[in-house]
Amino acid sequence: MSEAYLRVDGITVEFPGVRALDGVSFAARAGEVHALMGENGAGKSTLLKVLSGVNRVTGGQLWIDGEPTVFDNAREALRRGISIIYQELTLSPNLSVAENLLLGQLPVKRGFLDRRRLRERAMSILEELGEGDIHPSTKVRELSIGQQQMIEIGRALLRDARIIAFDEPTSSLSVQEIRHLKRIVSRLREEGRVVLYVTHRMEEVFEMCDAVTVFRDGRHIHTHETLHGLDHDTLVSEMVGREIEDVYGYRPRPHGDVLMRLEAIEGRGVKAPVSLEVHRGEVFGLFGLVGAGRSELMRLVCGAERAAGGQVLFDGATCRFGSVQAAIRAGIAMCPEDRKSQGIFPVASVSDNLNISCRRFFRRWGGFRDPQRETANTEDYIRQLRIKTPGPKTPIANLSGGNQQKVILARWLAEKIDLFVMDEPTRGIDVGARRDIYSLLYELAERGKGVLVISSDLAEVSSICDRIGVMRDGELIDIVSRDQATPERLLGLALPA
Ligand SMILES: Nc1ncnc2c1ncn2[C@@H]1O[C@H](COP(=O)(O)OP(=O)(O)OP(=O)(O)O)[C@@H](O)[C@H]1O
Ligand SMILES: [Mg+2]
């Protein structure tokens, strides 16, 4: 076995009031795909930011190719051959795809930008990423989140780094994009690079990675040099520090009256009229590949977009919601998939971010805010969802990616509504916290609410939902009840015929 190319030796990183990494040591070899796993807030992204010179260490040493190394800034790290694909996108939305890909290394000819070479180089990398359909001059803001993620990956590849780190790259990718990413990762391995791979998806670790390091609460728990003989449950309990028997913990319950009936709804992204019913007490799933029209359908229903035809019957009354606010007033709300860009106020506190929309229910006589109830509500959810934060008043930007997700999710759960539409509710969320979220969803259903979950996670929909509607290419193909919903059946319906 070859020597370690990267050695992390006793690294400690402290933020005010938080020790994000506490004397962490492990090593990774060239030609190895090394997974980094751990709960939300365990310190994975912090470690990557140490490697990229963004986070300063308060103790410990990095060794690269046998040499002690300290980075004072991101440029030095790049020069030493380290490239990171961050959890949150860093592209410039108003620049073109080509400019974003080659930013920092734009081709120049006689003092001017060489547009032809720029386009050619961009086209060849797009091809390699499996995104040959994207035109290099398209503005990045016009791309889907998955495509933007692929551009981010392309940019890192173009830097020709020796160490490449991915921070939850697949959380917004489609099945096809994930397939390309896997191919790219195995090529990087063959080329003898060090690939660090942060993910919450267990199957990716077993399929793509050679070694895995587990963190918990900023500490190194274990490095498995090989995955042979390692089982799923061991890894989970190392991560969460307790046994989790069944992440999904399904709880059967009786269903009540029809809460929402869709009659022949059509509109943007929904090509054939969709009809379905969701009952009180029911957890209804919408499964399909990215782009199948699930979010589009629910945007039509929840007032985010105008339907071209059909009607919604909600709690017995015909409704046509002119806005998201109108839908919320009527008792139906959608927690969007892209929670970060659509929902976060980065400089505001955890409590403000959580209470911002249910706040109108926390008013005292005279319409003044009720800070005590807001704080109590926040503390409730911090406990229920195990949100890792120094306190309710901490700026949300200081939380880890997954913990920010939980806060936004809690904002919607705290709403007084009857039908919760949750678009990819567990994206970026660790196994332990997922269990908490599922049990909250069951609890809402047990209280007579309706829950509609949009998910691309096959295991998730087939395990937590009572019935599952499968969409393909803008059409509702079938509705399958839980006992019939094997992963094979669902996937068979969702894949192009
Ligand atoms: N800039 C910052 N200021 C203060 N605290 C921070 C900052 N960045 C991270 N932290 C804290 O450091 C800890 C580790 O965060 P980190 O982002 O590394 O977690 P993570 O393992 O990547 O989690 P996730 O899976 O949710 O992305 C968390 O408690 C987080 O709140
Ligand atoms: Mg992170």
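Mentor: Let's talk about the ligand and what surrounds it.

Mentor: This is a predicted model: local features need pLDDT of at least 70, side-chain atom pairs count only at pLDDT 80 or more, and totals for chains, interfaces and linings use all residues. Residues are numbered from 1 along each chain as its sequence is written, chains are lettered from A and ligands numbered from 1 in the order in which they are written, and side-chain values use heavy atoms, without hydrogens and water.

Trainee: OK. How many residues surround ligand 1?

Mentor: 21 residues do. Each has a heavy atom within 4 Å of the ligand. Gly41, Lys44, Thr46, Ser400 and Gly402 are the closest.

Trainee: What classes are in that shell?

Mentor: Five nonpolar, 12 polar and four charged residues. Gly counts as polar here.

Trainee: Which polar side-chain atom lies 2.7 Å from an oxygen atom of ligand 1?

Mentor: One from Ser400. Ser45 also puts a side-chain N or O atom 2.8 Å from a ligand oxygen. With Ala42 a polar backbone atom is involved, at 3.2 Å. Polar contacts here are pairs of N or O atoms within 3.5 Å.

Trainee: New topic. Where does ligand 1 lie relative to the domains?

Mentor: Between domain 1 (4–240) and domain 2 (258–494), because both give residues to its shell. The domain bounds come from an automatic or database assignment.

Key
Polar contact = N/O pair within 3.5 Å; in protein donor to acceptor, adjacent residues only side chain to side chain.
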